[in-house]
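Work through the exercises below with the structure in view. Each task is followed by a solution in steps.

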Amino acid sequence: MKLAAAILAVGLAALAASPARAERLIASVSNHRVTVTPNYSGEELVLFGSVEKDGNTPASRNNYDLVVTVSGPRMDMVTRRKERRFGIWINTDSRQFVKVPSYLALFSNRPFDAIASPEVQRRQQLGLNNVLLTQRVGPDYADVVPNDAFRSAFVRLRSAHGLYRQETSAVTFLTPTLFRTGIPLPAEVPIGTYDVEIKLFADGALVTRTETAFEIVKVGFEQFVANTARNNGLGYGLVTAMMALMTGWMASIVFRKD
Amino acid sequence: MQLYLPIADLPVNVFLILAMGAPVGLVSGRFGIGGGFLMTPPLIFVGVSPAVAVASVASHIAASSFSGAISYWRRRAIDPALALVLLTGGTIGTALGVWTFTQLRALGQLDLLIALSYVILLTTVGALMFWEGLRAMLRIRSGTAVPLRRSGSHGWIHGLPLKMRFKRSKIYLSVIPVAVIGLVIGFIGAVMGIGGGFILVPLMIYVLRVPTSTVIGTSMVLTLVTMVFATLLHAVTNHLVDAVLALILMVGGVTGAQFGARAGQKIRGEHLRLLLGLLVLAVGIRFAIELVIRPEDLFTIRETSGGAG
């Protein structure tokens, strides 16, 4: 009887924590709520965490790899290509990107090629080349090959603004199980909720993953202005027009010559 | 000092915007034009999207033309009747313009339209003004008398019906061409984010033959009303007016305009026209070059739906 119970207990434990689940990831960002104030000009958050091993962790396993994916609020975007027509450069061809992250950052402790095989990289969306960016091509929705002209232009332009980034040395392991990385947020990051996904790899395979999030919000005056402009266009327009008239009137008084 | 613009969604340096607004205000005060065509391009250059720039500059021009209109009103240099007829056309034109703006934004060709209309308008108007100023200067130098108003040169415009007497300008004219000019200016102003003063002033002088004493004041009234109207319509339909950006522009603009107005009185009329013509032409050519040379990047990204706001 005792033996049976022991076997059952071990079986249950094995079910609950199969060898792949032998580690637990604990992570947190330094600030879960970034506020956009009048003097906001970008910020850098810090993500830190640790890998917790338990009795099921193979004793030999000590080298972990970590990939952090930060994705901002999803938006539809259009990439347009200019072509020379009638001697001038005009927008001709365009491709729509459907619900793609407005901000995307991929950080790891070493190059993705060293972490996992190309197959795993593709499946786990490691690297800007492997992240799913859905395009609408005619009636179809699909991602295309990484070297597609529109896709690479899209990634390149977003990267130029610091909104898409990939750094394969950004994650540092302070101890074999304690890690940290910075999340730089440039000034023009969009407002909204940002998802942070942390994936732990060992021996080229995904061991475990965890998620956290933070949000960027406008507060006070900025939020008030943005909301009013959106929800009460007429009132907002009237106030702006009144402000224009007041400024003009005051200037004519201040600078009156006679 | 960095300040975050709530609608344009980017931080800008306040002093940079002020520094951009002041010379534009100076030029506008000197020449009696709104100066929107000078203000929109640098804003686009610092990263404000063309649509937000156009919409916000409208309220900036409203402010500077109001301060101008007040001082012209004190000097009795505004013809209220003429302004009223121009406005009737101007209001309709502005509404049409904002509607067109919205349609083109959806089509993705707004930037092209803005650039093309800048090229066409600025180069033609600039060249014409430059040529006029040059001819006037040469005439003065050679000593030929300038026939200010050629009697008997009443063109077809003066044969149109619905004639009306505009007392302060001392002209007797059909309301049709006046209203049509107002409509065209209102339309162009709403689409391009300009007051249209630099087109309206020559049109009033050469086509309607309004005496120079009332031209600038009256054109400022039209600019004022169409730009207030454009601000309202852009705020209601496109939600693109950035009040914070507008306020910085206004402060810089009206300050510059006052100094410009003083400097303007010291320069002779034909020199003024020559200079303004050159300025307008230069901006037009700059836009033309941008369209013709191969852009540094052939690709552009624009958000079509957003989580912003």
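A strand is here a DSSP run of E with at least two residues, numbered from the N terminus. The model is a predicted one.

**Exercise 1. Find the strand that holds A:Glu44, and decide whether this residue is buried or exposed.**

Step 1. A:Glu44 lies in strand β3 of chain A, which covers residues 43-53.

Step 2. A:Glu44 has 11 C-beta neighbours inside 10 Å, so it is exposed.

Step 3. Neighbours within four places in sequence are left aside; the contacts of A:Glu44 are then A:Gly182, A:Ile183, A:Pro184 and A:Leu185.

Step 4. A:Val34 is 10 residues away from A:Glu44 along the chain, and their C-alpha atoms are 9.8 Å apart.

**Exercise 2. Describe the open sheet of six strands in chain A.**

Step 1. Read across the sheet: the order is β2-β14-β13-β4-β7-β10, and the pairing is mixed.

Step 2. Find the edges. These are β2 (33-36) and β10 (164-167) of chain A, each of which pairs on one side only.

Step 3. From one strand to the next, the twist averages 15°.

Step 4. Look at one pair. Strand β7 (residues 104-108) of chain A runs parallel to β10(A), and four bridges join them. A:Ala105 has A:Arg165 in β10(A) as its bridge partner.

**Exercise 3. Which residues touch the most other members of the largest nonpolar core?**

Step 1. This core has 145 residues, and those touching the most other members are A:Val68, B:Ala62, B:Tyr118, B:Leu122, B:Leu224 and B:Val228.

Step 2. The element that gives the most to this core is helix α8 (residues 212-237) of chain B, with 14 residues.

Step 3. A second, separate core has seven residues, including A:Phe97, A:Val100, A:Phe150 and A:Phe154.

Step 4. Return to A:Val68. Beyond its neighbours within four places in sequence, A:Val68 is in contact with A:Leu47, A:Phe107, A:Val171, A:Thr181, A:Val196 and A:Ile198.

**Exercise 4. How do the axes of helices α5 and α7 of chain B cross?**

Step 1. The axes of α5(B) (residues 110-142) and α7(B) (residues 197-206) come within 11 Å and cross at roughly 45°.

Step 2. The two helices are therefore oblique to each other.

Step 3. Their crossing is left-handed.

Step 4. On the α5(B) side, B:Leu121, B:Val125, B:Leu128 and B:Met129 make the contact; on the α7(B) side, B:Phe198, B:Ile199 and B:Pro202 do.

Methods. Residues are numbered from 1 along each chain as its sequence is written. Chains are lettered from A and ligands numbered from 1 in the order in which they are written. This is a predicted model: local features need pLDDT of at least 70, side-chain atom pairs count only at pLDDT 80 or more; totals for chains, interfaces and linings use all residues. Two strands pair if DSSP finds at least two bridges between them. Axes are lines fitted to C-alpha atoms, for helices over the stretch in contact, and angles run from 0 to 180 degrees between N-to-C directions. A nonpolar core is a set of buried Ala, Val, Leu, Ile, Met, Phe, Trp, Tyr and Cys residues joined through C-beta atoms within 7 Å. A residue is buried if 20 or more other C-beta atoms lie within 10 Å of its own, exposed if 12 or fewer, and partly exposed in between; C-beta atoms are placed from the backbone. Two residues are in contact if their C-beta atoms, placed from the backbone, lie within 7 Å. Angles under 35 degrees count as roughly parallel, over 145 as roughly antiparallel, 65 to 115 as roughly perpendicular and the rest as oblique. A crossing is left-handed if the near helix is turned anticlockwise from the far one by less than a right angle, and right-handed if clockwise.
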